[in-house]
2 protein chains.
Amino acid sequence: MDAACEINHLKLKNTSSAKKQISLFSYVEFCLWNAIDDMNNFQRNLSIGEVEIEGSTIYHKTEYRERRNHYSFFSVNVPVDGFDTSRDVFLGAGNGNAIPDAVREKKCRGSVASGWYPIASHQINLSLAPGEEKEFVFVLGYCENPEEEKWESPGVIRKDGAHALLARFATPRQAEAAFAQLNEYWDGLLSRFTVESGNEHVNRMVNIWNQYQCMVTFNMSRSASYYESGTGRGMGFRDSCQDLLGFVHLIPERARERILDIAATQFEDGSAYHQYQPLTKKGNLDIGSGFNDDPLWLIAAVAAYLKETGDFSILDEVVPFDNRPELAQPLLEHLYRSFRYTCTHLGPHKLPLIGRADWNDCLNLNCFSKEPGEPFQTTGPSEGPVAESVFIAGMFVKYGREFAEICHQTGRTDYEEEALRATEQMYQSVLDAGWDGEWFLRAYDASSEKIGSKECREGQIYIEPQGFCVMAGIGVEEGLAEKALDSVKERLDTKYGIMILQPAYTQYYLNLGEISSYPPGYKENAGIFCHNNPWISIAETVIGRGDRAFEIYEKTCPSCIEHISEIHRTEPYVYSQMIAGADAFYHGEAKNSWLTGTAAWTFVNISQAILGVQPDYDGLRIDPCVPSSFGSFRLIRKFRGSTYYIDVENPDGVQKGVSGISVDGKEIAGNLIPVEAGKTEYHVTVRMG
Amino acid sequence: MDAACEINHLKLKNTSSAKKQISLFSYVEFCLWNAIDDMNNFQRNLSIGEVEIEGSTIYHKTEYRERRNHYSFFSVNVPVDGFDTSRDVFLGAGNGNAIPDAVREKKCRGSVASGWYPIASHQINLSLAPGEEKEFVFVLGYCENPEEEKWESPGVIRKDGAHALLARFATPRQAEAAFAQLNEYWDGLLSRFTVESGNEHVNRMVNIWNQYQCMVTFNMSRSASYYESGTGRGMGFRDSCQDLLGFVHLIPERARERILDIAATQFEDGSAYHQYQPLTKKGNLDIGSGFNDDPLWLIAAVAAYLKETGDFSILDEVVPFDNRPELAQPLLEHLYRSFRYTCTHLGPHKLPLIGRADWNDCLNLNCFSKEPGEPFQTTGPSEGPVAESVFIAGMFVKYGREFAEICHQTGRTDYEEEALRATEQMYQSVLDAGWDGEWFLRAYDASSEKIGSKECREGQIYIEPQGFCVMAGIGVEEGLAEKALDSVKERLDTKYGIMILQPAYTQYYLNLGEISSYPPGYKENAGIFCHNNPWISIAETVIGRGDRAFEIYEKTCPSCIEHISEIHRTEPYVYSQMIAGADAFYHGEAKNSWLTGTAAWTFVNISQAILGVQPDYDGLRIDPCVPSSFGSFRLIRKFRGSTYYIDVENPDGVQKGVSGISVDGKEIAGNLIPVEAGKTEYHVTVRMG
């Protein structure tokens, strides 16, 4: 990146009948730029803050004189009547930024920051006649210079990069054009999946916000946010694979690149660095490997990509293991190693070993940490030969079959047969050792004691295996799926969403780890962990219960719960990681909005399971599962270069079942719309019944 | 530590003639407790904040339920009319803590924090008749419970520790008694050195604040402060040794313990971990060793301890190398290894190799870092066989001779002779290769180019070698000392103190490192680095120039510059690390107060070099060097169990020189007052002239 900027087009209009005198103040804090880089050297940063001022542009050049060759700037497209660059001077001694001295007295001080916390503030005095409007364009920018041409004169930044950027946004018309272009970009992206239904919340979330959040989580994973300091932990292997499920339809090319990046952090035995840094694309050594669900998520991501794009060439891409080019193998081989990793890491009940943890990072069955400050996942033995996960077993059946299908599609019948055999066996292991009578067990601990069983004093039932086993089809024929989901409803459901477990742990258990460190009702200890609510909703669609699936969707849908914002607290258009459970002091209060796998899984749920538009290897499959009162709805879906206009009619108000589909007026057999070469539009009518 | 607390005894008096209704609000932020522990897991912390409320006491028990067995609390000794424990609720949405909603509306909300940021606030409504006074005792406490007895009932903290503490401070009279006890403690400590002179600034700083700051820096080193985040870098080997020079007279027993701790981090070859963590007392592996001045500071610290206490038994203490008990040797052997480390690490000019850096951590002659974010001291080759330090040469002469004297005192004539020979040779090396014509050179870089020479374009003269070489006596006889100090005055002096170098570096030099990364006038790049101003002042006393020595003392003395607080900015009773130099935008502005080696070195300067009370192996030596106008002064010094009452008369206003000393009415020969067994008071009259 050479340069980038953010623009703010401000219009001020005098709607009164009297002339108005206004002093307008802008304010930007540059000060965090360095701190992020080096939290422990804050003391150094206090001395190195430097700015330059040139007309209405304030340049921040902290550290620029030495090894850094980029600078930032803040400008406005009109002459200014004052400026400040020293935070202390602008705010005044002891003030927070609610009432800066300069604003209160309507007088910037012209301060030049040297050390401490450089800011940028402009003062613009203006008068507005009745009805008059004035416009301003503020630009906050970033530029890099080549090392050998970084100075204009000794000690003075070379600024042509900034000048060029400012010239692009010097007038309100230019700003408007830029925003129009941005709108066009998003309209194009979001138009890849739209719905018109009778439910305004579904329309709003699907058409705008859910997809937008999918893009944000794809870009950031959990790597940097309001809620983490510094560059944090980087991208999660598991997280990024899941985020991709809700993003792949938006920009498949970027999903492809991401898959190859992720796969390159995999080890030769199929396991993976649990996290990697997005800039270096290298795995984080301090956390390392041993989260035994990780490998299987790679299959999930690749399957989603293949179904979206039909681009099987990705399987032939030669990808390193452990970022070492000399260990490179085709991506298909990576998937095989993912599959094999579970096969070779089974415990006493032939269920998958859990390792440091599975999806539930806080269920630490091999750790036994007693000391404050120790990481719960990597202290002590951490991995062990006994503790098993029924959740991973469910994943293995689902994604092992997915792997078999990929092999089938590519003619690798040897792998296909091996995968089908292994998933068959795992299916049986779950029935034999993973069923607790009314629901699926969660795990066996390091002493082979049951976790998530009616035999437990606390934590008798967990959400994850109920969702994933049913999504994998386990127990559907045997009638266990319905039982499990009924148990979820009976034991885990609340009006604000489905809790992750019940009863909450009321004390710390050395054999369970971090999960029992949270107060009851929070986070993994019986909070409503939004991420796996859609799993249950999808599972309900597997057994055809559209009313219940949609009820679950609505409970955590931000738009649906806007009217209880004083309870819910986070933004009414974004999913949060967690909502406090029934045991919590503030039941219904959400925490940690934006960066959560909830975005992707909810989009999978609403778009594929509920509205029923399912990309498949050979085309688009349509199989809605809706509430009986949902009515008809219309979808537009861009898929493999074509646009599908899909009208779904449901005259009898059935919850699931497609009685007929016509494509461009012709009835087709089944519910898969095959891809026809050269065709750019498909007009589809779907009749439920 | 089982329990501790801080008390605040508040008195409110109505001095008006009308009755007053008052709502009093207290406020404490508990929220940083966890963040310090785990900055990167802030997201977790948002969910685990928990409190308990019991009468007027608010308990903070975040993380208590799991691995932590301590809690904190905030209480007041009267019934309250309201409380809050949720920061958001108390402050109100979007407010900073300048105008909390609860205070504005005079109504606490009774909020119970669950997650987010627990605080404690009490509301006390009171009415005061004219002239009436009411008193309150607020207690902020910390308690630990044994793990097996941490609960009173399920989920409820066992609180007897807090109750016991609160009972000790339940009444205003108890609070007063506690404060009286604290005063007594400090009076006792500070009475170990007091002066009554005609200069109020000297009296104030010597009798109170300089000693107080010496205590603080001894306790904290640079390990945790306003200016560093987290537990930071721990205790510095070099820093802690120097801090001890200003502390050893206060509590020699603690100095002894610290010396043994520090020595235990030394490696077998005499080098040392540059930093160690105070709680584990282990060296920091990430920084490691290679700061080639470090070993010599250990000699400085031990010599100061021996002179203060006469306790030579410390030299026989068997102390590990590298914290490995199997490598333990007597402390004297540690000192010998310190001395030998320099002898075995000489460069092409027979001057000491500089390693990663010497005292000036930012002069990185072996690093060559080009990438932002890289540490300047440990990147690249870092240590090298060429770059040499004239500063370490000066140190070696000074502390090598000190080591020889220690050996002399203990009869180790073999070591003594070896040390005298080596310091003799080093003295000659400095004359041969360390003198630049008008001042001492600073160093030779990795290409054997001169640093701090008239031949340089920038950075022609540095302060450190001028101070340390003259303090070591180098060039005094040859007339070089006077020349060097005159050059300091001519080239480095400003009205706010002496700059570390001139001319400032205006660009980044790969061969110099971090020093050239700072803007001109800041920190090591031509800032007034307060730490080595006293070195020049002491050096001036070596050649007898009391006027100049005191002028230097006054320039950075916080009390002397209180009247320019709007320029100086930091507290007018505490030394700061740095004052911006003449090249800086805000010349005279100080940064980073409290934790700086300036405290100790200034106390050494004022107490030993200027006021002239010098602990020596065989007694107290009196050798003042004062301005001619300073007049007579009186000192009280506790030393080895006795109290010395010392009147210094200076009828002719000489700057240096003692013409006679009487002890208890008897004239003694020379200026050393020998220790007399069993004597508890010495009444001393010193005549300068």
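**Labels and their cut-offs**

Visitor: Why is A:Arg173 called partly exposed?
Guide: Its relative accessibility is 45%. Buried means under 20% relative accessible area, exposed over 50%, and partly exposed in between (1.4 Å probe, protein chains only). So A:Arg173 counts as partly exposed.

Visitor: What should I know about the model itself?
Guide: It is predicted: local features need pLDDT of at least 70, side-chain atom pairs count only at pLDDT 80 or more, and totals for chains, interfaces and linings use all residues. Residues are numbered from 1 along each chain as its sequence is written, chains are lettered from A and ligands numbered from 1 in the order in which they are written, and side-chain values use heavy atoms, with hydrogens and water left out.

Visitor: What makes the contact of A:Arg173 with A:Glu135 a salt bridge?
Guide: The closest N and O atoms are 2.8 Å apart. A salt bridge is a side-chain nitrogen of Lys or Arg within 4 Å of a carboxyl oxygen of Asp or Glu. The pair therefore qualifies as a salt bridge.

Visitor: Which parts of the chain does that pair link?
Guide: A:Arg173 is in helix α6 of chain A, and A:Glu135 is in strand β9 (residues 133-144) of chain A. They are 38 residues apart. Helices (H or I, at least four residues) and strands (E, at least two) are DSSP runs, numbered from the N terminus.

Visitor: Is A:Glu135 buried or partly exposed?
Guide: Partly exposed, at 21% relative accessibility.

Visitor: How do you know that A:Glu176 forms a salt bridge with A:Lys11?
Guide: The closest N and O atoms are 3.6 Å apart. The pair links distant parts of the chain: A:Glu176 sits in helix α6 of chain A, A:Lys11 in strand β1 (residues 3-13) of chain A, 165 residues apart. A:Glu176 is partly exposed at 31% relative accessibility. A:Lys11 is partly exposed too, with a relative accessible area of 43%.

Visitor: What makes A:Phe179, A:Leu182 and A:Tyr185 a patch?
Guide: Patches are made of residues with over 30% relative accessible area and no salt bridge; like charges are joined within 9 Å, nonpolar side chains (Val, Leu, Ile, Met, Phe, Trp, Tyr) within 5 Å. These three form a nonpolar patch on the surface, with about 270 Å² of accessible area together. Accessible areas come from the Shrake-Rupley method with a 1.4 Å probe; for residues, only the protein chains shown count as cover. A:Tyr185 lies in helix α6 (residues 172-190) of chain A. At 42% relative accessibility, A:Tyr185 counts as partly exposed.

Visitor: Why are B:Lys307 and B:Glu402 said to tie parts of chain B together?
Guide: Their side chains meet in a salt bridge (3.1 Å, N to O). B:Lys307 lies in helix α10 (residues 294-309) of chain B and B:Glu402 in helix α12 (residues 390-409) of chain B, so the pair ties together parts 95 residues apart in sequence. B:Lys307 counts as buried at 18% relative accessibility. B:Glu402 is buried as well, with a relative accessible area of 14%.

Visitor: Why is helix α16 of chain B called largely enclosed?
Guide: Because 9 of the 10 residues of this helix (residues 533-542) are buried. Among them are B:Trp535, B:Ile538 and B:Glu540. Just after α16(B), B:Gly544 takes a positive phi of about 85°.

Visitor: What makes helix α8 of chain B largely enclosed?
Guide: 9 of the 9 residues of α8 (residues 237-245) are buried, so the rest of the structure largely encloses it. They include B:Phe237, B:Arg238 and B:Asp239.

Visitor: Why is A:Gly581 called buried?
Guide: Its relative accessible area is 0%, so it is buried. A:Gly581 is in the loop between β25 (576-579) and β26 (590-593) of chain A. A:Gly581 and A:Gly527 are 54 residues apart in sequence and 4.3 Å apart in space, C-alpha to C-alpha.

Visitor: How do you know that the two copies are related as by a two-fold rotation axis?
Guide: A rotation of 180° with 0.1 Å of shift along its axis superposes chain B on chain A (RMSD 0.1 Å). The copies are thus related as by a two-fold axis. Copies are superposed by least squares on the C-alpha atoms of residues with pLDDT of at least 70 in both.
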